[in-house]
Amino acid sequence: MVFYGLYTLVRDIHATVGGFVQSTHDALELVAVERHFGIFWEQGLQHAVVGLRGFMEFWDSYYGTIHFIAVIFVLVVLYFRYPERYVLWRIVLAFTTGLALIGFAVFPVLPPRLLPASYHFVDTLKTVGGVWNFSNGVVAQASNQYAAMPSLHTAWSTWCALAMIPVIRPRWGKALAALYPVATVFCIVVTGNHYFVDAGAGVLTVAIAVPLARLLTDGLASRHWQRHLRVGPAPRNHAPTPAAGFVAGRDD
């Protein structure tokens with residue numbers, strides 16, 4: 001709820017004429033950077049598949065649903081099956097989402113589908129359709145359409161893969177988990193919702209969030225053990241209890 005409140009605050013700040021102008025300027029700057037490095041491929045990739053209606057309906061639906069379902073699924077699995085991993089990866093998710101919100105606030109970016117017509121991008125959620133689109137009343141009110149940088153879809157899918165791959169045993173399962181972020185990047189580009197640079201920034205947020213979360217969890221764990229494993233001197237003329245002897249003799 002805290003993150004949604006912040007997301008709403010950022011959305012409302014940029015939902016103005018000034019916000020549109022700034023996000024358009026930032027988007028065009030981003031396109032110029034991609035062109036400079038020869039990686040402005042989003043338009044060509046979208047046009048290669050946009051005529052496949054059933055194919056695009058699948059990706060439109062994927063865009064609006066899978067990232068929420070996947071995150072909830074991973075959190076539930078970690079909580080019940082791998083509790084030793086749950087705390088760390090829950091904190092990683094929180095840091096990742098927080099960093100993304102900072103990106104939305106300081107660098108609003110218009111998605112490709114909202115660029116001027118001269119860029120020839122297609123808003124597939126509107127023209128092809130899926131389970132929902134940005135014209136729907138609830139979605140239109142809740143979404144921040146100037147939040148392309150970084151791609152939270154990419155960040156969350158990368159988080160899912162990193163959290164689950166170490167505990168998945170079959171190689172095919174690991175491969176599917178690793179392909180999930182790749183499929184997500186393909187989805188966000190062909191639907192006209194993100195640039196490749198947005199996807200890279202999404203991965204970067206996770207790369208920053210992981211060590212931050214490790215520092216926090218290590219600090220919390222250290223304080224926890226210092227508080228609960230402190231053993232005072234044994235009383236005189238009394239043999240040490242088994243628990244005290246165990247703690248005193250540990251070599252970790």
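The structure holds 0 disulfides, a disulfide being a pair of cysteine sulfur atoms within 2.5 Å. This is a predicted model, in which local features need pLDDT of at least 70 and side-chain atom pairs count only at pLDDT 80 or more, while totals for chains, interfaces and linings use all residues. Residues are numbered from 1 along each chain as its sequence is written, and side-chain values use heavy atoms, with hydrogens and water left out.

**View 1. The chain as a whole has 11 helices and 0 strands.** Helices (H or I, at least four residues) and strands (E, at least two) are DSSP runs that are numbered from the N terminus, and from that end the elements of the chain run α-α-α-α-α-α-α-α-α-α-α. Of its 252 residues, 43% count as buried, where buried means under 20% relative accessible area, exposed means over 50%, and partly exposed lies in between, with a 1.4 Å probe and protein chains only. Among the contacts in the chain with a separation of 6 or more, 83% come from residues 24 or more positions apart, a contact meaning heavy atoms within 4.5 Å.

**View 2. Two cysteines, C160 and C187, are shown with their burial.** C160 is buried, its relative accessible area being 5%, and C187 is likewise buried, with a value of 1%.

**View 3. Helix α3 (residues 42-49) packs with helix α9 (residues 171-190).** The angle of this packing is about 90°, and the axes are 9 Å apart; axes are lines fitted to C-alpha atoms, for helices over the stretch in contact, and angles run from 0 to 180 degrees between N-to-C directions. That makes α3 roughly perpendicular to α9, because angles of 65 to 115 degrees count as roughly perpendicular, those under 35 as roughly parallel, those over 145 as roughly antiparallel, and the rest as oblique. On the α3 side the contact is made by E42, L45, Q46 and V49, and on the α9 side by F186, V189 and V190. These residues divide into 5 nonpolar, 1 polar and 1 charged, where Ala, Val, Leu, Ile, Met, Phe, Trp, Tyr, Cys and Pro count as nonpolar, Asp, Glu, Lys and Arg as charged, and the others, Gly among them, as polar.

**View 4. R53 forms a salt bridge with E57 within helix α4 (residues 53-81).** The structure holds 2 salt bridges, a salt bridge being a side-chain nitrogen of Lys or Arg within 4 Å of a carboxyl oxygen of Asp or Glu. In this pair the closest N and O atoms are 3.5 Å apart, and the two residues lie 4 residues apart, about one turn of the helix. R53 is partly exposed, with a relative accessible area of 47%, and E57 is also partly exposed, at 34%.

**View 5. D123 forms a salt bridge with R113.** The closest N and O atoms of D123 and R113 are 3.5 Å apart. Both residues lie in the loop between α5 (83-106) and α6 (124-127), so the pair ties together parts that are 10 residues apart in sequence. D123 counts as buried at 15% relative accessibility, and R113 counts as buried at 8%.

**View 6. L152 lies in helix α8 (residues 152-164).** L152 is buried, with a relative accessible area of 17%. When its neighbours within four places in sequence are left aside, L152 is in contact with T97, A100 and F104. L152 and D198 are 46 residues apart in sequence, and their C-alpha atoms are 8.7 Å apart in space.
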